[in-house]
Amino acid sequence: MKKFLSVATMLIVAVGIALGFIMEDPYGSKTQTSSTSKTPTTVNHVDSPTGTVVYLDNFDGANDTTSLKARGYKPYYRGTGAQGLTATWFQPSAAPPFPGFNGGTTGYVAANYNVVTLANNIDSWLVLPRLAGGIQAGDSLYFYERSVTASTFPDSVRVMYSANDSIPEGTWVELGRFQTNITTGWERKGFRAPTTSANGRFAIRYCVVSGGPSGANSDYMGVDALTIERSAPPVPTGTWTEQTSGLTSVLYSVSAVSDDVAWVCGAAGKVLRTTNKGVAWTNVSGTIPTAAALYNIFAWDANTCVVTGVTATNTSIYQTSNGGTTWTVANTHAGFGDDMFMTDANNAYFIGDPVGGNWDMLKSTNAGLNWGAWTTLATTNTAGTYNNAFWQQGTQVWFPSVGQSQMLYSSNMGTNWATQTITLSEIASTCFNSPTVGMAAGSTTSPGLLKTTDAGTTWSAITSPYTVTISGIAGASTSWWLAQQGLNISFSSNDGAAWTTQYTVAAGSFYHMQKSRSGATIWAVRSNGGISRYGTPISGVNPISTETPSSYSVSQNYPNPFNPTTKINFALPKSGLVSLKVYDITGKEVATLLNEVKNVGTYSVDFNAANLSSGIYFYKMSVNGYSEVKKMSLIK
């Protein structure tokens, strides 16, 4: 349905330590150590210094693999030693090689899983259970590890991540590795998930190539006090700026993947994509017919995207897996498509206006190439729902039924549905900042703003800055943005208690707004082809040389001190995912200058600090396990 430091010195030292050892690479490209030589008598192993604990296992309980499997673990053995296919993660009940991190309990070594291994190639996996609601980008796996003696074998513990619930034979990404050389106390390790996935899993993998421990107690390694922790989502900061789309026709929808990658779609079959924060938008419409009005788009990454549009009386779904170079007509059927989303690289979902007394709901399990029935949800609704008015969070889905003062809600990805009563007859946009806290906004016909703190069981009216359609909502923590179907965007820093106009455009009407799923950038699209961006100022990244440097390095910025622009050069002897971030003196991240794969060579990055106050700042580069922090001074 179309709707439209002295103390300052001490602080500097503290921040430098923090940046070097705590502020981790967001993609977990190297082992992170936050503490060493932990002893069970002095350390509380269930504390959460970095985020909210969403999974905890002290491994207390039965000491066999059956109990692990009952809790959702998948132990596997893939090596070539005499153990064959026997899973080798277990908990010894007698003569333990060392106490568990929490001291253990009577009768066996609690919270201490050990790997017993033999010679030849060893590959033991402990795949963690799935989380209800899935893994979110930035979720961190933490655990303590130790061994009895320092390793004399070419062994390693590797931490893996899969976005599609893989068994070890499936698709996995290695987040980092380490050797088991901690023999007194315990050492904490941390690794961060790179993507959001309803089916994501972490795995701990013990590997030895061409020889390894014999299975004696002296060769045991242990893992204990395991948690998965979720940091608060990044809150966008910076300024609103206009980007160049190259279009004057209406743009209906935006899908913001990250701070670098976003896609938009609109009238006349137009699809645009940026992979550099919006420095350039490329027309990737390809073979999509110009007669199609594209109302909804969802991109999983820079390559995979699905978009839905209407031609005459039919709705079509188009899919690309090569960044828009080619598009496949994946599905065409009678009706009107409103919403689409993906929960991982394979599973995609479609919601359309009712057809034959049921909501039009489809699902794809191959990244949008083929579609079948998702769920059956009967309705008396004949008006449908608004474009881009849905919200999906983990296994939770909400979308409004226009004209019926209802929000349809599923807590389990459509297996069951409930009807939530609301006080507005029409909802034009919805956004949740957590599994429980969200806002829903009305239309010109039914103006207003609602808020829930219990996942929508109850919705309460709060003060709204607009009496017209609110076409987009974005939020993080207690900060919220509302896009009017008009010229203005309003902002609240206190969970909607008060609003101020933050940005006004000269022309066009805002039709959709979205915050990047794994970052802190907001994009909003308008009726005149306009694209507005909110976030840290864009810095240019320019290659200086393609010759292979002898080592990794990041130079001192110049000029330094600076006002307000400066340059930072860095060198890469190997290609890799480069993270270059700026932090203030308290350790708070204030800018992401680079977070993308770069080839071998030397580069220069421009940094504009026009929106920052005078003071000491730090910048940190991380790539392929290399990390370095330098200080710079902004004087205005």
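Predicted model: local features only at pLDDT ≥ 70, side-chain atom pairs only at ≥ 80, totals over all residues.
## Surface and overall make-up

Residues are numbered from 1 along each chain as its sequence is written, and side-chain values use heavy atoms, leaving out hydrogens and water.

Of the 636 residues, 56% count as buried (under 20% relative accessible area, with a 1.4 Å probe and protein chains only). The chain has two helices and 48 strands (DSSP runs of H or I with at least four residues, and of E with at least two).

## Aromatic pairs

You will find 25 aromatic pairs here (Phe, Tyr or six-membered Trp rings with centres within 6.5 Å; planes under 30 degrees apart are stacked, over 60 edge-to-face, the rest tilted). Tyr 349 and Trp 374 have ring centres 4.8 Å apart and planes at 65°, so they meet edge-to-face. Tyr 349 belongs to strand E23, and Trp 374 to the loop between strands E25 and E26, 25 residues apart. Both residues are buried.

Trp 481 and Phe 491 make a tilted pair, with 4.9 Å between centres and 45° between planes. Because Trp 481 is in strand E35 and Phe 491 in strand E36, this pair ties together parts ten residues apart in sequence. Trp 481 and Phe 491 are both buried.

## A ring cluster

Ring pairs join Tyr 349 and Trp 374 with Phe 341, Trp 359, Phe 390, Phe 399 and Trp 417 in a cluster.

How values were computed: Buried < 20%, exposed > 50% of the residue type's maximum accessible area, 1.4 Å probe, protein only.
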